[in-house]
Amino acid sequence: MAEPIRALCDELIKAVNVMMEAESSQTYRLEALKFIEEFKEKSPFCVECGLQLAEKSQTAVVRHFGLQILEHVVKFKWNDMAPQEKLQLKNCTMDLLSNGTHPILLEECHVKDALSRIVVEMIKREWPQHWPDMLKEMEALTAIGDAQTELVMLVLLRLAEDVITFQTLPTQRRRDIQHTLTQNMDSIFNFLLGILQLHVNEYKKLIKLPFSLQAKAHWRVGVATLNTLAGYIDWVALVHITNDNCHLLEIFCLLLSEPELQLEAAECLLIAISRKGKLEERKPFTVLFDEVAMNYILSAAQSSGGIVERRYTFLKRLCQVLCALGFQICSLLGSDIEVQVPVNLDKYMEALFAFTSHPSQFLKSSTQITWGNLFRHEILSKNPVVGQMAIKYLRAARINLLKVSTGFPSKNDCPGCEFSRVDFDSDEDFNCSFNSFRAQQGEAVRLACKIVPFEAFQIAREWVQYQILLLSVETKTEKGLCSALSLSAVQWDAMTFFTESVFGQLFKILEKEKIPIDEGIELLQMVVNYETRDPLILSCVLTIISTLFPFVTHQPHFLPQVLFKVRYIISVKNVRRHACSSILRICRDYSDFMLHAKGLFSNELLLTQMEKCALMEALILVSNQFKDYNKQKAFLKELIAPVTAQWLSEEMRSVLWDPATFLAYVGADQVISDLDTEDQMGINRSQISFCVNTILGVVKRARWPANPEEAKAGSFVVSTTSDGAPIYRNPCAEPLQALLPNLFALIRTQNSLFLPENINRLSKTFSRLNQHCLLNPKLPMFPTGIPQPVLDAYDSSAYRNIVERMQGFFSSLYDNCYQVLGNAGPCMQQDFYATEDLAEQIVGSAFIHLDSVPDHRLRPLQLVMSCPYDYHDSLLCPLLGPLFAHLLQDIYMTLLAICFNSLSWEDTINCQRSASVLCWTLLKQVLGCNLLPEAVTWLYTSVLKGLQMHGQHEGCNAALTQLALLIYESLRPRYAELRFIMNQIPDIHVEALEQFDQKTIQSTVSKAGEKKKKEQFKRLIAGTVGKPLGQQFKKEVHIRNLPSLFKKPKPTKDMLENTDTACLITLFSSDCDSC
């Protein structure tokens, strides 16, 4: 027998070598693979050959293959083996563990892994019922040597991963093994802790000796033990981690000082500290704030090190440990659990600050949320240590907010660049991360400002002064303008963001008498006096002026200088929009103070239409402080008189009421050969936009006084409702009512542009205009509704060529018209809703040609939400009728189809959301309609297709099965097609389907049987559930259940032995007759 096995082993070795050699042809490699697979499936000598190939005399590749054969036997043939064969294989495997491997430093990692997998597969099938002494045998192996100890660690780790993490076992076997592990966890942790201490101590002794291989062996065992502990710490009861005053955690802290073990120790520490649970169970974690543990953490955090991968990974883990520790202390302090502020809180914060000031952008970002939690905490924020650290944090923020100081991956101009190349794939990824980091840091700065407001004020003040003086010197030698990444622009941008964050809080938290007004005015004076023509710098100057403007309210004599500065900046071409926005912001927030401001319209002839519109809005905001209806109405009427004249002119009327004239007027019917040529019709488009934007500004800004008494005194109240609430009138109502007919005409004209005859009127240059008239994402909205492009687009044209300018015109005009219509109701109140034939005008404009208008062009109308009850019948019913009819016939059915189609998209998250939330919500609205049989068939088939695509995912399976059941129950009584579909499901049980089908038709299932019904239906459609590609050709592994460890005691048959029954019997005894 030995000779044939030896020959067969030689053939197997040749086949393995053919597969592994790079020079082998594809044909030979396939033949070798076929031979090996046939051997594993059919040969009766798998165990014998596997053991022989796994001998130490073989090469590592051959030994690994031999161990794979043995693993194959255990996984796929174990159930067919005789008990004696199983015992023999188990003993041979244990012998391999004992003396079948090379010394720990010489053995290949993949060989160790393969051997441990065999043991784990046997444990999954036999422990604890048939192998009760497994843990003792594992412990005995560790006494043999370092190699065996490492193998035992690998076995325990893989066992925890398969049972707990990946759950690759049947439910009962998993429960058996997990229950037994839990029962023995005390001894397991004591065993692991003993191994760790033994080998770490030996390692420390021997590492001092030169070229000590034995030290490396102990180090290897220590690493394996820490990895094994990491596999258990995540799920065991917290008591095992916190036992003996958190002795285990203290050991991890001590190992942070060992360069070769610190990474694994930090990972264990992170898993432990990140555990959730009851607060009283987490209280022992505060032991890490003790002197010894915190000293080790602080030392490790502050130790220097270059960009070595292992060292950098350790720093990331340690940073996460500190963040998790901060979360724990913030949760415990102030709760019902008695926990004091840690004595070594200062050292903890110094350790955290070491990462905040680290060159790595990733490490800086990781600490920001923790700083926010600390500064926000009710108890910690009042601690003097936190106050001192808040000052330190604010000073560090001056550096961290500079984008150039953190380092782009593509550059080499700072230490952070090297770290960024490790963490980010491109400058775009870095930029996205930095923007998120900046927002988080801004929040932390604002919270720190609440703790130390005066110190924050001084730091911000020093930075502004420094930047002004610095740039004043630089401008003398620099030529040209700054780019977005110029050092000066980056410095100003960071300083502006910091200043906004600080001063925005100061005015909220400080009492009026405590605000440093003189110093603030002095600072604002420096900013106002600063001279530059650079648009990027001026944009920052404008932001700072707006931020510091509250100081002006305390010294009004300084207002003219501020307004003069803003008017000056308006003359700088590329920052005009920002300057207008600043004036609007000031007038919005300080309208009462700006009431006496003069000269907002100086140099009006030099302003563009957009800038005039913005400044008109500013004046409207100021006019709200007149608090006199007649005075404000006269002012508004005079203010918009030029717009009214232009809007109501015969020329404009002919343009707005006729689509052909409109297209010709804006130049959309002209053929443009050179797209960069001068736009001859641009002035016409700007006039239309100016009128609409002005109307929008009026309806959004003109308001009556918020104080009811002031409103009544100013004649803004016309009557009261039945419950006594005042009914207001808006001073803009009368001037605006005359403008509405042309507005309705413009909306009707824009909807008509989607008709075929008007599409044909578009020139070849603009033929695809209607297909791309989505709102340009480059156009964020002003606080007023006026489109405001980003800084790079501040030029006179926000678009690159005439096609893009035309597209922007149509998009913004369409949205602004609907914003006017939506805001008209809340603004004008009953004056708008009482407009004659209002419903007919809206239906004839906003709701016309909806079949031709793309769905994405529909806009919500706010007037529906603010419509008074008295106008529901006359306005809402005529409006909502045709709207809902269109929604149901077109958009609703489209949504229904999209949702059911999406169930079979290659998107698991989308499938689960659609199945659980959208599909049934949409479908049940039309269940009462006469659905076509083809539609019902398609809907149900779409759900089953979703099961075929995503059914292997538990969440999707549950949602799709529930959806399929709801559809079947609701529609099967009327549509026999559903039964036909069910008959086509693979491997369906026909008799079970017949029973379920009859119960469904007859609706005989009670509420008590709902769970059973769901399980039965799930079994019926199980044949539709597909497998992922990686599992489709995978051989099934069958693990048999062993005798259960959880046997329920049988109930006694003698009812008289039951205590409760005996109590009942005593009630009828003769002793109770007297009762």
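Colleague: What does the secondary structure of the chain come to?
Modeller: The chain has 51 helices and two strands. Both are DSSP runs numbered from the N terminus, with helices being H or I of at least four residues and strands E of at least two. This is a predicted model, where local features need pLDDT of at least 70, side-chain atom pairs count only at pLDDT 80 or more, and totals for chains, interfaces and linings use all residues. Residues are numbered from 1 along each chain as its sequence is written, and side-chain values use heavy atoms, with hydrogens and water left out.

Colleague: What box do the C-alpha atoms fill?
Modeller: Roughly 110 × 100 × 80 Å, taken along the principal axes.

Colleague: And what share of the residues is buried?
Modeller: Buried residues make up 49% of the 1075 in the chain. Buried means under 20% relative accessible area, exposed over 50%, and partly exposed in between, with a 1.4 Å probe and protein chains only.

Colleague: Which residues touch the most other members of the largest nonpolar core?
Modeller: Leu249, Phe252, Tyr348, Trp371 and Phe498, in a core of 217 residues. Helix α16 (residues 309-332) gives the largest share of this core, 13 residues. A nonpolar core here is a set of buried Ala, Val, Leu, Ile, Met, Phe, Trp, Tyr and Cys residues joined through side-chain atoms within 4.5 Å. There is also a second, separate core of 68 residues, including Ile640, Leu739, Phe832 and Leu876.

Colleague: Back to Trp371. What does Trp371 touch?
Modeller: Met349, Leu352, Phe353, Thr356, Met389, Tyr393 and Ala444, not counting residues up to four places away in sequence. Contact means heavy atoms within 4.5 Å.

Colleague: Leu352 is on that list. Where is Leu352?
Modeller: In helix α17 (residues 345-356). Leu352 is buried, at 0% relative accessible area. Leaving aside neighbours within four places in sequence, Leu352 contacts Leu322, Cys323, Thr367, Thr370, Trp371 and Leu374. Leu352 and Leu363 are eleven residues apart in sequence, and their C-alpha atoms are 9.9 Å apart.

Colleague: At what angle do α4 and α6 pack?
Modeller: About 10°, with the axes 9 Å apart; α6 covers residues 109-126. The two are therefore roughly parallel. Axes are lines fitted to C-alpha atoms, for helices over the stretch in contact, and angles run from 0 to 180 degrees between N-to-C directions. Angles under 35 degrees count as roughly parallel, over 145 as roughly antiparallel, 65 to 115 as roughly perpendicular and the rest as oblique.

Colleague: Which residues make the contact?
Modeller: Among them are Ala60, Leu67, Leu70 and Val74 of α4, and Val111, Ala114, Leu115 and Ile118 of α6. The contact divides into nine nonpolar, three polar and six charged residues. Ala, Val, Leu, Ile, Met, Phe, Trp, Tyr, Cys and Pro count as nonpolar, Asp, Glu, Lys and Arg as charged, and the others, Gly among them, as polar.

Colleague: What about Thr93, buried or exposed?
Modeller: Buried, at 0% relative accessibility. Thr93 sits in helix α5 (residues 83-99). Beyond neighbours within four places in sequence, Thr93 contacts Leu115, Ile118, Val119 and Met122.

Colleague: What is phi at Ser715?
Modeller: Positive, about 70°, although Ser715 is not a glycine. Ser715 is in the loop between α35 and β1. Ser715 counts as partly exposed, at 33% relative accessibility.

Colleague: And where is Phe716?
Modeller: In the loop between α35 (708-713) and β1 (717-720). Phe716 is buried, at 0% relative accessibility. Its C-alpha is 5.5 Å from that of Tyr728, twelve residues away in sequence.
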